[in-house]
Amino acid sequence: MNLWVIIPAYNEAPGIEATLSALAEQDDRDFTLLVVDNASTDGTAEIVRRHGVQVIVETRKGTGAASDTGMRHAIAHGATHLARTDADCLPRPDWVRNIRRAFDDGLEMVGGQLRPRTDEFRLKFWERRLIPFVVEVAATFGRFRPGNRDPRYLGPYVMMPGATLAITADLYDRAGGFPRTAIEEVHEDRALVNRVRMLTAAYGSRRDVVVFGSVRRLRAYGLVGTLAWYADHHYRPEVIDVR
């Protein structure tokens, strides 16, 4: 298994070192780390390079476009398995090890659990309680969403956040990869899940594949706005890239 971890990043200079540190502290370090700089203007790429991490650039705006560029670069350089997290997230120390175990168990695509970071802000009580609830609501909505229901799908819909997702290189290529879009156009993780469902039922979410994600969007959008954003972008804030 030649595993690569891909991180799309746009203007993450203030916080990406925490993500790099979390990956440096993995108890399984047998992976290649690649950051895709999505045309940042704040020195993100320079910070990453100072940590000895490889950086490539994707000028087309969007997490979908940047992630796809990184995945395809990894495949071209020999990757057999691919994982993705985001530049504002902290993978738990056993994240890579548990991804590898899920692949060894026969899964071709692996999703994980997204939990709130506690180091970023002083979380309020309702945020601690409601962020996991928001994730569960989104997962439940996804199972009943008309766009996720089609007799051609080989298995049920499973929500797999892009911040904690892994896939074999072969399946990524066969599925067509992440759509090369911006986040406000398409939720690229959901699109990839549905592409995969047309090809195989060997996918699933694992409770031990854990990443701690930023709550900055929830702080900026509010609870209702955040739920509406993830429900097909019914809420469209003026500022999409919350920093």
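Author: Let's take strand β8, residues 203-213, where 8 of the 11 residues are buried, so the strand is mostly covered. Buried means under 20% relative accessible area, exposed means over 50%, and partly exposed lies in between, with a 1.4 Å probe and protein chains only. Strands (E, at least two residues) and helices (H or I, at least four) are DSSP runs, numbered from the N terminus.

A word on the source: this is a predicted model, in which local features need pLDDT of at least 70 and side-chain atom pairs count only at pLDDT 80 or more, while totals for chains, interfaces and linings use all residues. Residues are numbered from 1 along each chain as its sequence is written, and side-chain values use heavy atoms, leaving out hydrogens and water.

Now to the partners of β8. Two strands pair if DSSP finds at least two bridges between them. With β6 (residues 109-116), β8 pairs in the parallel sense over 7 bridges; here Gln-113 has Val-210 of β8 as its bridge partner. With β5 (residues 90-91), β8 pairs in the antiparallel sense over 2 bridges, and Leu-90 stands opposite Phe-212 of β8. As a general point, side chains in a regular strand alternate between the two faces of the sheet.

After α4 comes Gly-106, whose phi is positive, near 110 degrees.
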